[in-house]
Amino acid sequence: MRYKIALIRGDGIGPEIVGETVKVIDKIGEKFGHTFEYVDVLMGGCATDAVGVSYPEGTAELCKACDAVLLGAVGGPKWGSDRPAAERPETALLAIRKDLGLYANLRPAALRPALAEACPLKRETAEKGIDLLVVRELTGGIYFGKRDKYQTEDRGLEATDLMAYSELEIERIGRRAFEMARLRRKKVSSVDKANVLETSRLWRTVMHRLAEEYSDVRYEDVLVDNCAMQLVRDPGQFDVVVTENMFGDILSDEASMITGSIGLLPSASMGDGAPALYEPIHGSAPDIAGQDKANPIAAILSAAMMFRYSFRLADEADAIEGAVDRALAEGWRTADIARPGESAVGTKRMGEAIRANI
Ligand code: IPM
Ligand code: MG
């Protein structure tokens, strides 16, 4: 088969990790007999530098003409919050999610067998295993609500960000979570702040409706503060964790760290049709950019998710994931996952070690 992949290399370590990932994809192509065509799409701080805006016109259209989108990372101190919105990389990221209708963000966090030692939790906790999937709502809530900043008479400036959710938005992300749970250990934990927020109470009502419909799936409500605590106390209790946009942003960073390093975790953002977008959950890490130090594993595992979900090629996805595990078992480590005394290799060498295991 022939597939067309949009590449948003982006900023910081983005180009390096995407470079290694493309080589992995090509190796899979050779082995399984597929051809890949790549379309470079300019977006992020690099786009601001080149053309003055982070989300150039036609970006979404370029992506829509492809079967899937692979994104490295966007952002960096050079394009900070003092810049106008159109120049900030985060604006582009939110815009592409919205324009491609990517309301469901899947962020799996699993402790890889070779890295049990990298888990910062107690040994007894790590030994129980960690294998959870955060299903984060991605195109609604406070990220996309009305914002305002205005002068008050007696309290100085005031700012507001509106959090809104509709039944439609909650139901479609909820369905995604229950469907994913059916393919896993059949448990959904829905995370909210229903003891305070109206949006959360609506969230809960809709989730309870779905829980009745998906009666083969175990269901529980978890308050977000309790969830943050449970993730470090006993993460093995979680299978699918479904939550709104901002809670999901925060909890997925926490979930990633308990598996050893944020440099390991991939993600998929999808809507109801193609293309879906795949990206590591880490950022652009400007402090190590261009130094051949970044861990390419999260990006490479994002490509595995692309094979699984967009191309429906499970064997190819397994081949990538297996190669990552074998390279780790052989002892290859980038600096973020090397333990004191262990020697670390760079981005390129890690990419090579993974390809050699395909
Ligand atoms: C993420 C990132 C983004 C988000 C930022 C860069 C806007 O943290 O993908 O988790 O908050 O969604
Ligand atoms: Mg985040």
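Helices and strands are DSSP runs, numbered from the N terminus. By that count, Lys122 falls in the loop between strand 4 (104–110) and helix 5 (123–127). The model is a predicted one. In it, Lys122 is exposed, because its relative accessible area of 58% is over the 50% cut-off. Val69 stands 53 residues from Lys122 in sequence, and their C-alpha atoms are 38 Å apart in space.

Ligand 1 is surrounded by Glu90, Leu93, Arg97, Arg107, Arg136, Tyr143 and Asp249. Helix 4 (residues 89–99) supplies the largest share, three residues. Domain 1 (1–106 + 261–358) and domain 2 (120–258) both contribute to the shell, so ligand 1 lies between them.

Side chains from this shell make polar contacts with ligand 1. In Arg136, a side-chain N or O atom is 2.8 Å from an oxygen atom of the ligand. For Arg107, the corresponding distance to a ligand oxygen is 2.9 Å. Asp249 also places a polar side-chain atom 2.9 Å from an oxygen atom of ligand 1. Taken alone, ligand 1 exposes 320 Å², and the protein buries 75% of that.

Helix 10 (residues 297–310) is 14 residues long. From first C-alpha to last, helix 10 reaches 19 Å, close to the expected 20 Å. Helix 10 is mostly covered, with 11 of its 14 residues buried. The buried residues include Ile297, Ile300, Leu301, Met305 and Phe307. Ser302 is buried as well. Just after helix 10, Arg312 has a positive phi of about 55°.

Backbone geometry was also examined. Most residues other than glycine have a negative phi, and most peptide bonds are trans. Lys186 has a positive phi of about 60° and is not a glycine. Lys186 sits in the loop between helix 6 (167–182) and strand 8 (187–192). Its relative accessibility is 34%, so Lys186 counts as partly exposed. Ala285 likewise has a positive phi, near 40°. The loop between strand 12 and helix 10 holds Ala285.

A cis peptide bond links Ala274 to Pro275, with omega about -5°. Pro275 belongs to the loop between strand 11 (268–270) and strand 12 (276–278).

Methods:
Residues are numbered from 1 along each chain as its sequence is written. Chains are lettered from A and ligands numbered from 1 in the order in which they are written. This is a predicted model: local features need pLDDT of at least 70, side-chain atom pairs count only at pLDDT 80 or more; totals for chains, interfaces and linings use all residues. Side-chain values use heavy atoms; hydrogens and water are left out. A residue is near a molecule or strand if one of its heavy atoms lies within 4 Å of it. A polar contact is a pair of N or O atoms within 3.5 Å; within protein, one must be able to donate a hydrogen and the other to accept it, and residues adjacent in sequence count only if both atoms are side-chain atoms. Accessible areas come from the Shrake-Rupley method with a 1.4 Å probe; for residues, only the protein chains shown count as cover. Helices (H or I, at least four residues) and strands (E, at least two) are DSSP runs, numbered from the N terminus. Domain bounds come from an automatic or database domain assignment. The expected span of a helix is 1.5 Å times one less than its number of residues. Buried means under 20% relative accessible area, exposed over 50%, partly exposed in between (1.4 Å probe, protein chains only).
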